[in-house]
Amino acid sequence: MGWLFYTDGRVKTYVDEKAEIARLCTFEGDTRKTELVKACKVGSTWYAAARVTNRDGTPVEDATYVTDPDGSITFAAVFLTAYDDGCWGYKDMEESAGPNASRAPLALIELLSDLKDPDSYARDWRQRCREWALIPNYDEGDKIKLAKPVTLTDGSTCQIVTATHYRRGRQKRRCYRIEETGGLVRLSKATLSGSELLSSAKGEASPVLAEFLAGQGG
């Protein structure tokens, strides 16, 4: 499906967007109904978990999903969103169609029904979401070894960095200090995939604390 933009200005805020995602995930037909269970926005993309039930109370039979104990199935939908000349628009895709955007939170993934096909697009998409969620959020001062060297714009590479920050106006921006040169570099979260924590700033006791603890032991 392509992009659909609203020209009536009904969607302007985060609250408007969430309400529209809920509306798009809610449907009631002659035999089945669908309702939103959870929606999360990551960047400009909305991730939704929607539950399908039969109106007569019988278990839902589906070729893709294993029926849950309560007789329902819950699937994920991805909504790419954008504003164009003030008009909000979206492009939606069900998880089994193989969406590229794969940053759904684990709390949403855990709501979904099991899959019947071990090689389905949906299983691959869920795994990519899990891998993204497992990328660490490092603390200030943490020393990190990247999974592989990163090539910088000047052609040099770096692999061991320390989490730090710089300021732009009143904003505090995360960056990393390169171990070899002391220079600063911005790294995407994807670059941190598979990285290793070499030392934690939180785990390093101050000399004063160390002296105090030594005295206590004596």
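This report describes the sheet, the aromatic contacts and a surface patch of a predicted model.

Residues are numbered from 1 along each chain as its sequence is written. In this predicted model, local features need pLDDT of at least 70 and side-chain atom pairs count only at pLDDT 80 or more, while totals for chains, interfaces and linings use all residues; side-chain values use heavy atoms, with hydrogens and water left out.

**Sheet**

Six strands form an open sheet in the order β1-β6-β5-β4-β3-β2, with antiparallel pairing. Strands here are DSSP runs of E with at least two residues, and helices are runs of H or I with at least four, numbered from the N terminus; two strands pair if DSSP finds at least two bridges between them. β1 and β2 (27–28) stand at the edges with a single partner strand each, so one side of each has no neighbour in the sheet. β1 is joined to strand β6 (residues 87–94) by two bridges, and the two run antiparallel. L4 has Y90 as its bridge partner in β6.

**Aromatic contacts**

A pair of aromatic rings is described by the distance of the centres and the angle of the planes. Rings of Phe, Tyr and Trp (its six-membered ring) pair if their centres lie within 6.5 Å; planes under 30 degrees apart count as stacked, over 60 as edge-to-face and the rest as tilted. The whole structure contains eight aromatic pairs, among them the tilted pair of Y47 and W125, with 6.3 Å centre to centre and 35 degrees between the planes. This pair links distant parts of the chain, since Y47 lies in strand β4 (residues 45–54) and W125 in helix α3 (residues 121–133), 78 residues apart. W88 and Y90 also form a tilted pair, with ring centres 5.9 Å apart and planes at 35 degrees. One aromatic cluster comprises Y6, F79, W88 and Y90.

The table gives relative accessible areas; buried means under 20%, exposed over 50% and partly exposed in between (1.4 Å probe, protein chains only).

| Residue | Relative accessible area | Class |
|---|---|---|
| Y47 | 2% | buried |
| W125 | 0% | buried |
| W88 | 1% | buried |
| Y90 | 6% | buried |
| F5 | 31% | partly exposed |

R10 lies over the face of Y6, at 4.2 Å from the ring centre, and R103 over the face of W132, at 3.9 Å. The criterion is NZ of Lys or CZ of Arg within 6 Å of the ring centre and within 35 degrees of the ring normal.

**Surface patch**

F5, found in strand β1 (residues 4–5), makes a nonpolar surface patch of about 250 Å² together with W3 and L80. Patch residues have over 30% relative accessible area and no salt bridge, with like charges joined within 9 Å and nonpolar side chains (Val, Leu, Ile, Met, Phe, Trp, Tyr) within 5 Å. A salt bridge is a side-chain nitrogen of Lys or Arg within 4 Å of a carboxyl oxygen of Asp or Glu. Accessible areas come from the Shrake-Rupley method with a 1.4 Å probe; for residues, only the protein chains shown count as cover.
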